[in-house]
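Dear colleague,

I am handing over the structure that you will find just below, followed by notes on what was found in it. Please read the notes with the structure open beside them.

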Amino acid sequence: MPKNSPTSLDPRSPLVLDTRELPRRPGALRTVERVVPAPSDLGVELIGVPEGAGLDLDLRMESVSEGVLVSGTVSGPIQGECGRCLHEIDDSVAVTIQELYAYENSTTDATTEEDEVGRMQGDLIDLEPALRDAVVLALPNNPLCRQDCPGLCPECGVHLDDLPADHSHQQIDPRWAGLSQLTRTEE
Ligand SMILES: [Zn+2]
Ligand SMILES: [Zn+2]
């Protein structure tokens, strides 16, 4: 990709940070506090942030010699299904973000790979990849409605919480089934 390519980021996009107000002098600080709608597919198979739900950004942008350091927390609601009983889970997630975005044509820009250090596009920062990584990493692959969820009875699919402790499915031997039929008709 050519350097100094015109930016493709939209400064009005909720997950794009605009650094025009941030002086390019090491130590200069700006805070970003806003609630933005969650992008689609922010999650793992069984649980994630519903699209459009409010993500709370509580971030600071700090000028460093080679770029802008973005740090702080992102939090929001998560919804999903218990991996054992499929009951709905309503919870929340909070993650910390710390990511350096190098100025275009800085030494860092020239000497690192893009997957090591983020890049600024002009004055803009695309926060979405770092936010996505942090949130997805924080989500459980096997979410549970509670740590000791006993799950469902494998025979009838009823939640084991809703069944008596001695719940079981006695298999009637087909040879005896005929006999019980017989005793019933005699009654
Ligand atoms: Zn459960
Ligand atoms: Zn059962």
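A residue is called buried if its relative accessible area is under 20%, exposed if that area is over 50%, and partly exposed in between, as judged with a 1.4 Å probe on protein chains only. By that rule Cys82 is buried, and Cys85 is buried as well.

Please keep in mind that this is a predicted model, in which local features need pLDDT of at least 70 and side-chain atom pairs count only at pLDDT 80 or more, while totals for chains, interfaces and linings use all residues. Residues are numbered from 1 along each chain as its sequence is written, chains are lettered from A and ligands numbered from 1 in the order in which they are written, and side-chain values use heavy atoms, with hydrogens and water left out.

Which protein donors does the zinc ion (ligand 1) have? They are the SG atoms of Cys82, Cys85, Cys145 and Cys149, lying 2.3 Å from the ion, where a donor is an N, O or S atom within 2.8 Å of the metal (3.2 Å for Na, K and Ca). Along the chain these donors follow the spacing C-x2-C-x59-C-x3-C.

The zinc ion (ligand 2) is coordinated at 2.0 to 2.3 Å by Cys153 (SG), Cys156 (SG), His167 (NE2) and His169 (NE2), and the spacing of its donors is C-x2-C-x10-H-x1-H. Cys153 counts as buried because its relative accessibility is 6%, whereas His167, with a relative accessible area of 27%, is partly exposed.

Best wishes
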